[in-house]
Amino acid sequence: MSIRPPLPPFTRESAIEKVRLAEDGWNSRNPEKVALAYSTDTQWRNRAEFVNGRTEAQKFLQTKWQKEHEYRLIKELWAFEGHRIAVRYAYEWHDDAGNWYRSYGNENWEFADDGLMQRRYACINDLPISATERLFHWPQGRRPDDHPGLSDLGL
């Protein structure tokens, strides 16, 4: 059995840590690694797609990051209670034609006792932006600790 700290029930500090760990994982753009944060029977709704199980989640992420180039994500804790966390986030990316987007979203997460995410419900909207409107300029990978978060950026 895999244990994925921090474990529920969450405190404010452990919820913030869990959110940052999720952000770091997704910014790695490594589908195999990211999928390990989810239970084998995880259930997702991502926009209008439904994902069931870790294997489908991994395939979903592979397809996502083949389409969304130079992906950079910032997540922020919105609320938490017990085994649940709500986050808001934004990420920037461009498509094959070089069109830039900032995607805004909210997610509701539910965790098992072992810290693996069992449920993920995501609502996302894409805003076309110009390259000059980009706000996320760190090198690909983990967001530096001194880079502003969503609230600091006015998002």
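Phe80 is found in strand β3, which covers residues 69-81. Strands here are DSSP runs of E with at least two residues, helices are runs of H or I with at least four residues, and both are numbered from the N terminus. The model is predicted, so local features need pLDDT of at least 70 and side-chain atom pairs count only at pLDDT 80 or more, while totals for chains, interfaces and linings use all residues. Residues are numbered from 1 along each chain as its sequence is written, and side-chain values use heavy atoms, with hydrogens and water left out.

Phe80 counts as partly exposed because its relative accessibility is 31%. The cut-offs are under 20% relative accessible area for buried and over 50% for exposed, with partly exposed in between, using a 1.4 Å probe and protein chains only. Leaving aside residues up to four places away in sequence, Phe80 touches Phe10, Thr11, Arg12, Ala15 and Ile85. A contact of this kind means heavy atoms within 4.5 Å.

Gln66 is 14 residues from Phe80 in sequence, and their C-alpha atoms are 32 Å apart in space. Gln66 is found in helix α3, residues 54-67. With a relative accessibility of 58%, Gln66 counts as exposed. From Gln66 to Ser103 the separation is 37 residues along the chain and 16 Å between C-alpha atoms.

The next step is the whole chain. The protein chain has three helices and six strands, and along the sequence they follow the pattern α-α-β-β-α-β-β-β-β. A compact globule of 155 residues would have a radius of gyration near 15 Å, and the protein chain agrees with its 15 Å. This radius is taken over C-alpha atoms, and the globule rule is 2.2 Å times the number of residues to the power 0.38. Along the principal axes, the C-alpha atoms fill a box of roughly 45 × 30 × 25 Å.

Of the 155 residues in the protein chain, 48% are buried. Among contacts with a separation of 6 or more, 58% come from residues 24 or more positions apart. The accessible surface of the protein chain is about 8,100 Å², and carbon and sulfur atoms hold 51% of this area. Accessible areas come from the Shrake-Rupley method with a 1.4 Å probe, and for residues only the protein chains shown count as cover.

Strand pairing can be followed from β1. Two strands pair if DSSP finds at least two bridges between them. Strand β1 (residues 38-46) runs parallel to strand β6 (residues 117-129), and five bridges join them. In this setting, Asn46 stands opposite Ala122 in β6. β1 is also joined to β2 by four bridges, and these two strands run antiparallel. Arg45 has Phe50 in β2 as its bridge partner.

β1 and β2 form a hairpin with two residues between them. Arg47 is found in the loop between β1 and β2 (49-52), and its phi near 60° is a positive value in a residue other than glycine. Arg47 is partly exposed, with 31% relative accessibility.

β6 has a further pairing, with strand β5 (residues 100-111), which is antiparallel and extends over twelve bridges. Tyr101 has Pro128 in β6 as its bridge partner. The hairpin of β5 and β6 has five residues between the strands, and Gly115 there takes a positive phi near 85°.

The backbone has further features to look at. Most residues other than glycine have a negative phi, and most peptide bonds are trans. Arg29 has a positive phi near 55° and lies in the loop between α1 and α2 (31-35). Arg29 is partly exposed, with a relative accessible area of 29%.

Pro5 and Pro6 are joined by a cis peptide bond with omega of about -5°. Another cis peptide bond joins Pro8 and Pro9, with omega of about 0°. Pro6 lies in the segment before α1 (12-28), and the place of Pro9 is also in the segment before α1.
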